[in-house]
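This report covers the surroundings of a ligand and a few backbone features. Please have the sequence and model at hand.

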Amino acid sequence: MQDRPRDPSGPVLRIGPVLGIETSCDETAAAILDADGRILAEAVLSQLAEHARFGGVVPEIAARAHLAHLPDMVGSVLRAAGLGWGDLAAVAASAGPGLIGGLIVGSGFAKGAALARGLPFVAVNHLEAHALTARLPGLLGEAAPAVAFPYLLLLISGGHCQCVAVEGVGRYHRLGGTVDDAVGEAFDKAAKLLGLPWPGGPALERLAAAGDPARYPLPRPMLGRAGCDFSFSGLKTALAQRVVAFPPGPLPRDEAADLAASFQASVVAVLADRLSHALAAFAARHPALPPGRRLAVAAGGVAANGPIRAALAGAAQAAGFTLAVPPVRLCTDNAVMVAWAGIERLRLGLADPLETAPRPRWPLETLSGAGEPGGSPQEAA
Ligand code: KG4
Ligand code: ZN
């Protein structure tokens, strides 16, 4: 345990190791961070194998798997950190948005522990956890200074696709988002059309590396359009139309590779274009930000894609920004980010009552920071 200064304007808050729990989708995860955000122990159990034969996440199976694995996982991260329950200062759990069954399991477990041990509980918004990951100490290199607000977040995952100005804990301004599918969802649907296993993103990226992106040009929805919204359903439909033009049965591998390469090229072009627009909007919102402080952060499973990372870095550089991408294990769903978001909130004195209900929908923009109304899932619209 140690004393930490809160925001200079506030009183000192006493915090120590924080347990984070993530169960909002198909990863069961637990992690313990010390008060400074150093990772003492972490574990992630992916349920891929349980859902693969259904071609997507089955909420009921996910909830049961979280229930089956979470208690042992928490026990093992405590042991790995060399801590007992009595050493913890707080418990933080994803409380939304996500699949309600999993959220009930994870936040219910966290609340039970908090009640039994008399610890503060933080109901973490999963999107806020992705958004604040960039501020984890040492994330961008041991010597790199902590990332300061504001920065631009591009969240590209299976369930989310949005550009957000991150202006403080609980202070988010959504610049744009998808009007239909999330980009990871588009990758998964495209991969399915090409006969690849779920989740499709990594398999499609590998296949695309062997293909010719110019052979079957596909549309690039929203490219050049004002603002920074995204749309992927038309691209998926165009791919489906190309696929049905082939004789029934599995696609020849070289054709599938060309289609994969074309699909990925469209996504790459669209994401780079949308990021450019988002950066312009962000720069207009923060005109006084010095050039050395202009940072864009990409997070979510799709940020693991090599060509996408390269294109985003190029778009950021052209706009005078640096692109930071957390390591893949912290880009995808994990509990380190949940514990860290808990610490960021606890430093501001923002714990939540145990009555706080998990919620499947919980937009980032409805959050608030210290001293403002609407900070908990119950209060946020
Ligand atoms: O962030 P994440 O692990 O889970 C959530 O959706 O919250 O992201 C998973 C998504 C899946 O749609 C997966 O196909 C996609 O990220 N993905 C990728 C790659 N790796 C994962 N998409 C494109 N290229 C990749 N290398
Ligand atoms: Zn996520």
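Helices (H or I, at least four residues) and strands (E, at least two) are DSSP runs, numbered from the N terminus.

## Basis

This is a predicted model: local features need pLDDT of at least 70, side-chain atom pairs count only at pLDDT 80 or more, and totals for chains, interfaces and linings use all residues. Residues are numbered from 1 along each chain as its sequence is written, chains are lettered from A and ligands numbered from 1 in written order, and side-chain values use heavy atoms, without hydrogens and water.

## Cis peptide bonds

The Gly96 to Pro97 peptide bond is cis, with omega near -15°. Pro97 sits in the loop between β6 (90–96) and α3 (100–117).

Trp198 to Pro199 is also a cis peptide bond, with omega near -5°. The loop between α5 and α6 holds Pro199.

## Around ligand 1

The shell has 16 residues, with Gly158, Asp188, Gly201, Glu205 and Gly301 nearest; being near means a heavy atom within 4 Å. Helices α5 (183–193) and α6 (200–208) each supply at least two shell residues. The largest share, 4 residues, comes from α6.

Backbone N or O atoms approach ligand oxygens at 2.7 Å for Gly158 and 3.0 Å for Gly201. For Gly301, a polar backbone atom is 2.9 Å from a ligand oxygen.

## Met222

Met222 is not a glycine, yet its phi is positive, near 75°. Met222 lies in the loop between α6 and α7 (233–244). Met222 counts as buried because its relative accessibility is 14%, and buried means under 20% relative accessible area (1.4 Å probe, protein chains only).

Methods
Polar contact = N/O pair within 3.5 Å; in protein donor to acceptor, adjacent residues only side chain to side chain. Buried < 20%, exposed > 50% of the residue type's maximum accessible area, 1.4 Å probe, protein only.
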